[in-house]
Amino acid sequence: MTLTQMTNLSQSAIDAFALIASYLLLALFVLAAAAAVFRFVQEARAKVVEGTAPVSPALSRMERRNLRAFLPVRALLWCLLAAVASRLVLYGVAWVADGLQNGGLREPLSQIPQLFTRADGPHYLGIADVGYQTVGDPRFHIVFFPLFPWLVRPLGYLMGDFFWASAIENTIFTGLALYMTLLLARVDQPHDQARRAAAMALLWPAAFFMAAPYTEAFSLFLTAALLYALRKRRFALAAAFGFCAALTRSTGLVLLAPYGAEALLSLIRERRGHAGWRFAGRCALALLIPVGFCVYLYVNYAVTGSPLTFLAYQRDHWSQQVGNLMLTAGYTVRNIFSFDVSTACTVWIPQLVCMFFAAALLVGGRRLHAPVAVFGVCYLYAVLSPTWLLSAPRYLLLCVPLFLLLARWTQKPWQRAIAYPLLAGAQLAYALCFALGLSVY
């Protein structure tokens, strides 16, 4: 049964809702883009000095020195422990729920991989195991970028189990992603706020995908690491992270936007001596990012004989082409009413909520460092524009600015008392839907 049948809404009413949602999302995006541009102009005019992290005035000089001394090691350990703990909770709850559903618990080491290897997960593990194929259904898996499966392959062969190999690596990448998010936030925010940013990344409703054989944990680490390297003006390191990101998923190319914004800000600040030459050198380093994508194109060519095969498969097999925000908002609203209630509740409603929530948050981008805000806006448009989007909550997991802004909006205890249980509960419910075989992508 669909929501249309349950509510007796006419098609004209549904079309009206879709039109309103389309223009509302567009308006929020324009406001977010304006906030990012305003912040960029503001920083360019003010010539803000990099690396001057504000420290809470409540801390004494001794406390600040101790915080700087112990932050890197202690924070990294805590982030890794948080990643491990989240895995144990997710795997344990899903395993128990599966046992309740099927009338008894089954052996966890064999059952947990079955619960979390769904949707795109088997494709990544298949690439890690046997590489890209040219016949049968596996030939379509060329649309999945190669770096993550390449990283899983050695440990998978060593362990004899590719799921648990990916789980171990993704747990490490999750800890590193939280750590880099914390360091990025710490440049401009007090330590407690930076910790909240890392917590928000771990509690995002789709963060459970970092426990599955997906690229989310690795991509989040690369994105946060690039933004942090740029914040510290380590352009060569940022370009290296960008190369890996573009070889991991197509949205890695979006990282050219914050890289270019940071390079321009540096040129404006320096404006003397050999500033022009340094800017040219940084632009040359930026080419590493599209080079990563070109390596993927070469993989397409080597496997299929054409560097653009993935585009044809995306279009013909997955109905994916380049669209726009308004189109996505419109068909998301229509699909809420036209699909069965179960799919509406696990795919289309979460997608609509996350789209608007992310766009509304990014309207506050003027509170962020300009290149970070620029990345948020560009990434939002890139991931919400496909012609058949099913995975907005998962894709938005890589939008690091969201977590920095969430940390800013939860400074009071009562705000955290609402945000933490709400996000954690949403993630747990979403993870259970995924593990139990409902439509979650």
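**Figure 1. Aspartate 120 and arginine 394, a buried pair.** Both aspartate 120 and arginine 394 are buried in this predicted model. Their side chains come together in a salt bridge, with an N to O distance of 3.7 Å. Side chains of opposite charge can pair when their charged atoms come close. In the whole structure, a search finds 11 salt bridges.

**Figure 2. The salt bridge of glutamate 216 with arginine 249.** The closest N and O atoms of glutamate 216 and arginine 249 are 2.7 Å apart. This pair links distant parts of the chain, 33 residues apart: glutamate 216 is in helix α9 (residues 216-231), and arginine 249 is in the loop between α10 (235-246) and α11 (256-270). Glutamate 216 has a relative accessibility of 0% and therefore counts as buried. Arginine 249 is likewise buried, because its relative accessible area is 12%, and the limit for a buried residue is under 20%.

**Figure 3. The salt bridge of arginine 315 with aspartate 316.** The side chains of arginine 315 and aspartate 316 form a salt bridge with an N to O distance of 3.0 Å. Arginine 315 has a relative accessible area of 40% and is therefore partly exposed. Aspartate 316, at 57% relative accessibility, counts as exposed, since the exposed class begins over 50%.

**Figure 4. The packing of helix α2 against helix α17.** Helix α2 (residues 11-46) packs with helix α17 (residues 370-383) at an angle of about 155°, and the two axes are 8 Å apart. The helices are therefore roughly antiparallel to each other, as angles over 145 degrees are classed in this way. The crossing in which α2 passes α17 is left-handed. On the side of α2, the contact is made by Phe29, Ala32, Ala33, Ala36, Arg39, Phe40 and Glu43; on the side of α17, it is made by Ala370, Ala373, Val374, Val377, Leu380 and Tyr381. Of the residues in this contact, 11 are nonpolar, 2 are charged and none is polar. Arg39 and Glu43 are also linked with Glu262 and Arg269 in a network of salt bridges.

**Figure 5. The surroundings of threonine 328.** Threonine 328 is part of helix α15 (residues 325-338). With a relative accessibility of 0%, threonine 328 counts as buried. When residues up to four places away in sequence are not counted, threonine 328 touches Gln351, Met355, Leu384, Ser385, Pro386 and Leu389.

Figure 6. Most residues other than glycine have a negative phi. Arginine 233, although not a glycine, has a positive phi of about 65°. The loop between α9 and α10 contains arginine 233, and this residue is partly exposed, with a relative accessible area of 31%. Serine 319 is not a glycine either, and its phi is positive at about 55°. Serine 319 lies in the loop between α14 (309-317) and α15. At 43% relative accessibility, serine 319 counts as partly exposed.

How values were computed: Residues numbered from 1 in each chain as written. Predicted model: local features only at pLDDT ≥ 70, side-chain atom pairs only at ≥ 80, totals over all residues. Heavy atoms only, no water. Axes fitted to C-alpha atoms, helices over the stretch in contact; angles between N-to-C directions. Helix = DSSP H or I, 4+ residues; strand = E, 2+ residues; numbered from the N terminus. Parallel < 35°, antiparallel > 145°, perpendicular 65-115°, else oblique. Left-handed = near helix turned anticlockwise from the far one by under 90°. Contact = heavy atoms within 4.5 Å. Nonpolar A, V, L, I, M, F, W, Y, C, P; charged D, E, K, R; others polar. Buried < 20%, exposed > 50% of the residue type's maximum accessible area, 1.4 Å probe, protein only. Salt bridge = Lys/Arg side-chain N within 4 Å of Asp/Glu carboxyl O.
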